[in-house]
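Please look over the sequence and the model shown below before reading on. The report is meant for someone meeting this structure for the first time.

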Amino acid sequence: MTALQVENLSVSYRVPGGELHAVRDVSLSVTRGEVLGIMGESGCGKSTLAAAMVNLLPAGARIAHGAVRLDGTDMLALSPAAQRALRGRSVAMVFQDPMTAFNPVLTIGRQLADFVGAHDRALARPERLAEMLGRVGIPDAARCLHRYPHELSGGMRQRVAIAAALLMQPDVLIADEPTTALDVTMEAQIIHLMRDLRTTFHGAIVIVTHHLGVIAELCDRVAVMYAGEVVEEGTVDAIFHDPQHPYTRALLACDPAVVVPSSGRLPTIGGRLPDLTAPPRGCAFAPRCTLAEAACEAPVPRRTAGAGRSVLCHSAPQGGQG
Ligand SMILES: Nc1ncnc2c1ncn2[C@@H]1O[C@H](COP(=O)(O)OP(=O)(O)OP(=O)(O)O)[C@@H](O)[C@H]1O
């Protein structure tokens with residue numbers, strides 16, 4: 001039932017003076033019907049990982065090694081044409097700013113028809129497109145097909161982007177910060193929509209976000225990223241109630257939703273991300289970690305405790321809740 005499996009994936013960017021190791025040896029899997037959240041501070045590699053999952057990386061990026069299996073097929077080993085066919089049909093992506101995903105000079109209907117028509121002409125019929133827009137809560141969906149992207153609000157554009165991603169009924173939907181560009185009201189509506197989708201969309205969903213509320217509302221499992229690595233993974237319940245990695249604990253303590261009102265200030269994690277052009281041999285979080293000891297300078301073993309629960313830390317207990 002595994003819909004998406006990422007195996008030992010490493011992605012780097014060419015930068016002046018070398019290579020920046022943005023994603024480092026990441027392995028993850030998501031099953032049908034499951035929602036996996038990917039969280040972490042800005043710059044920890046979330047968006048690079050999401051783009052690598054559909055092999056739509058920006059110029060200058062390269063996949064150093066690893067596999068991205070969709071229903072067992074390694075997409076990265078396929079020809080560009082075969083990858084294009086898989087994108088949309090097997091895996092679809094929703095980006096942070098839907099404006100960038102649309103062509104400003106074409107109507108919504110034309111763009112949706114072009115997108116799905118390349119895979120399946122029957123799906124490109126206006127009635128079918130309007131039905132899908134209606135399903136994501138677009139009022140007067142038939143008229144919306146004649147509108148241009150700039151005529152819609154940010155929230156409506158994101159609904160259209162979600163509808164476009166779902167038109168082909170892909171096995172895997174990847175959403176990269178789907179609510180970040182929206183105001184609070186729109187954000188709540190999109191979270192509500194995505195929660196509703198859970199009952200009608202039976203594929204796997206991966207949501208990248210730095211918003212802990214989105215994780216708590218929508219996800220079953222969470223992968224916590226730091227400096228390009230997954231440092232902890234587990235169920236939402238395990239990560240929120242029994243975090244094992246000092247970075248996860250620090251991240252949860254910085255959540256604006258739990259800030260003590262009397263202090264009036266947001267806590268932040270002291271220190272900075274390491275230089276990813278020369279990642280450390282040992283724990284990347286050690287320079288910022290209050291529990292760091294000499295052992296943290298050596299490569300860190302990944303500790304697992306049952307399926308889907310793992311932590312990359314010397315000081316983490318051997319066990320942990322699944
Ligand atoms: N096009 C690029 N060229 C060079 N380096 C890049 C590029 N895009 C991202 N990076 C670097 O790769 C690392 C990971 O960035 P990425 O955007 O994947 O992180 P992120 O967790 O998604 O951050 P954010 O939440 O801010 O989007 C960072 O060090 C970033 O500076």
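## Basis of the report

This is a predicted model, in which local features need pLDDT of at least 70 and side-chain atom pairs count only at pLDDT 80 or more, while totals for chains, interfaces and linings use all residues. Residues are numbered from 1 along each chain as its sequence is written.

## Two domains

The protein chain is divided into domain 1, which covers 2–90 + 170–281, and domain 2, which covers 101–169; these bounds come from an automatic or database domain assignment. Between the C-alpha centres of domain 1 and domain 2 there are 26 Å. Twelve residues from domain 1 and 13 residues from domain 2 take part in the contact, where two residues are in contact if their C-beta atoms, placed from the backbone, lie within 7 Å.

On the side of domain 1 that touches domain 2, two or more residues come from each of α2 (80–89) and α8 (184–200), and α8 gives the most, with four residues. Helices here are DSSP runs of H or I with at least four residues, and strands are runs of E with at least two, numbered from the N terminus.

## Around the ligand

The ligand is surrounded by 16 residues, and the closest are Y13, A22, S42, S47 and T48; a residue is near a molecule if its C-beta atom, placed from the backbone, lies within 6 Å of it. At least two residues of this shell come from each of β1 (2–15), β2 (18–31) and α1 (46–53), with α1 giving the most, three residues.

## The nonpolar core

The largest nonpolar core has 92 residues, and those with the most contacts inside it are M53, L133, V172, I174, V206 and V224. Such a core is a set of buried Ala, Val, Leu, Ile, Met, Phe, Trp, Tyr and Cys residues joined through C-beta atoms within 7 Å, and a residue is buried if 20 or more other C-beta atoms lie within 10 Å of its own. Helix α7 (residues 154–167) gives the most to this core, with eight residues, and the core draws at least three residues from each of domain 1 and domain 2.

Leaving aside neighbours within four places in sequence, V206 is in contact with L4, V30, L36, I38, A50, M53, V172 and I174.

## Helix α7

Because twelve of the 14 residues of α7 are buried, this helix is largely enclosed by the rest of the structure. Among the buried residues of α7 are G155, M156, R157 and L167. After α7 comes Q169, whose phi is positive, near 50 degrees.
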